[in-house]
Structure formats: C-alpha cells, structure tokens
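I opened this entry to look up helix packing and charged pairs. My notes follow the structure.

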Amino acid sequence: MTDSTDYLAHTPLILGMMRLHDHAELTNPANLANWINARLDEGLNVFDHADIYGDTECERIFGEALAADPSLRQKVRIITKTGIVPGHQDESRWKTKHYRAEAGYIANAIDRALTRLQVEQIDTFLIHRPDPLMQADSAMAALEKAVEAGKIRQIGVSNFLPEQWRWLQHNCRLPLVCNQSELSLSHTEALFDGTMEAHLKDELRWLAWSPLGGGALANALPQELLAAAKEETGLCETGLAIAWLRQLPGSPIPVLGSMRESRIRAAQAGAQSVLPRSLWYALLEAVRGHRVA
C-alpha cells in the first residue's frame, strides 16, 4: 500500500451515510456536527457516501454539518461514489435504472459532490458499479485529471470483480486502492472462489458493505451459539459479526450502515476483538447451514 492509503489502513470501521436522511434529528446541521464530533472522539473519522444516497441529500446534509463546524473539514475522511442512475432520475423516455461511467459524467459528478459536501478535496472516489459500456481509458483519465487537480486524493471501485478492476488498472497510471463490495457472515462466497485472494494479491483494501448481513444475523445464528459466544467473548451478535470479518486476511474494513450509537459501539468492540479459531468456524457453519468440506 502507498502512503496515501494510510487513513484506510488505520481505521477499524467506516461509517456509512446511506441512511442519514432517515434520521430527522441529524438533518439539523448543528446536531449532525455534534454527532460527527462524537464519532471522532471514538476514533472513527471515515464516512462513506454516494451520490445516489437519498438522491444526493445525504451528501448535502453532511456538507451543511461541515459548514456549521468548519473545523471538522480537517478531521474527517470522506469516501464517495458515482455511476448509478436510478430509474426516476433517468431523463430519457425509458426511465430505466442504468450505470454511467463516461469521462464527462465522472468529472461532473466529482464537481457536484465537492459542492454538496462543501469540501475542497474528496479523500477516495469510487466508481460505484461496473458499467459494461465503460470506455476504461477515458474514464480513468477523468479520474487521473481529478487527482492531478487536487479534487480527489485517491481512487477505487465498488462491486467490481477481479478481472473488471484489473482492466481498469491496466488503463490507469494511478493505483486503485480499494474495492467496496458485499462481505459478511451471510455473504461468504468470495472467501471460497478466489476473490479474497485477488484483493490481497492486487493490494486492494476490501471495504465490506452490509457487514451485518442486512440485520438478519441475529435470526440466522442459533440462540445457544450466540449465548455461548457472548459468554466467552463478551460480544453481542453485532460485535461477533464485525470481529469475524476483521479476522480475515487483509482485515476488511466494515462499512457500517447503522447510525445508532449503541450499534456503533458494539461494532467497535468487535473490531478490537479476536475470536477463537473454532468459534470463527462455528459461526460460519451456523450461517451456511453446513460444515466446511
């Protein structure tokens, strides 16, 4: 990893802002600024956005909080993404959800995100989904120009498979530093098909979205196992899920979707814990419904 990825290398948890607009009390700039400061006090300073979150509202609300407390701009690290157009935003007659990764679209998306977030630089900018129509050379040139201009610090991808990100890397002088894709106890295919090893070999840090399996893990794990695991580790199901994830090679970084302070504290406890190997496999076995081969 290069020095520019240090802030990712040293964070145990990324705070996802996808549901920010659902928390009425946090849409007040002063309240959100206080919430952000509380997370900073807990050692969490990386916040994950995308232009489609709340139809750009989540970025805008976050930017207003930074304007309310300008000192936050030097303390937070921001990830954001572009490339998905929901059907209701499609300006054509077809009203079809689709992907966009043209150079001009990417350049405009970066400028608009900077304006909404009210910052001078985005720490990491991601292409949100692989676009089959993407012209990799021109798309990556747009990102390179944004880095050269100081608009973004580093670049990565989201929901890409190995050969997809390798094609982009082949067309780019700058390193792709991360891939944000789904990984959890409930979504483990990538651990057995070579995808995890591809991340490691290519030095892409894995940012794991939906690390709690969409909140379904509490029902997926037998109560007897949860009780025994809590007795031995002191962790609830949230902490167990995060500890399980962080124990993988490369220490994937969970992107936590919940903004509840109790959930965040539980996730932090898990990020600081190491599970016994047998318990790690017992959790895997319980969710998959069968033993390893």
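I looked up Glu59 and found its side chain in a salt bridge with that of Arg116, at 2.7 Å, N to O. A salt bridge here is a side-chain nitrogen of Lys or Arg within 4 Å of a carboxyl oxygen of Asp or Glu. Glu59 lies in helix 3 and Arg116 in helix 4 (residues 103–117), 57 residues apart. Helices are DSSP runs (H or I, at least four residues), numbered from the N terminus. I note that Glu59 and Arg116 are both buried (under 20% relative accessible area; exposed is over 50%, partly exposed in between, with a 1.4 Å probe and protein chains only).

On sources: this is a predicted model, where local features need pLDDT of at least 70 and side-chain atom pairs pLDDT 80 or more, while totals for chains, interfaces and linings use all residues. Residues are numbered from 1 along each chain as its sequence is written, and side-chain values use heavy atoms, without hydrogens and water.

I then checked Glu64, whose side chain meets that of Arg60 in a salt bridge (2.6 Å, N to O). Both residues lie in helix 3, four residues apart, about one turn of the helix. Glu64 counts as partly exposed because its relative accessibility is 27%. Arg60 is also partly exposed, at 30%.

In helix 6 (residues 162–170), Glu163 and Arg166 are three residues apart, and their side chains form a salt bridge at 3.0 Å, N to O. Glu163 is exposed, at 57%, and Arg166 partly exposed, at 28%.

I also found a network of salt bridges linking Arg39, Glu42, Glu261 and Arg265. The structure holds 15 salt bridges.

Methods: Helix = DSSP H or I, 4+ residues; strand = E, 2+ residues; numbered from the N terminus.
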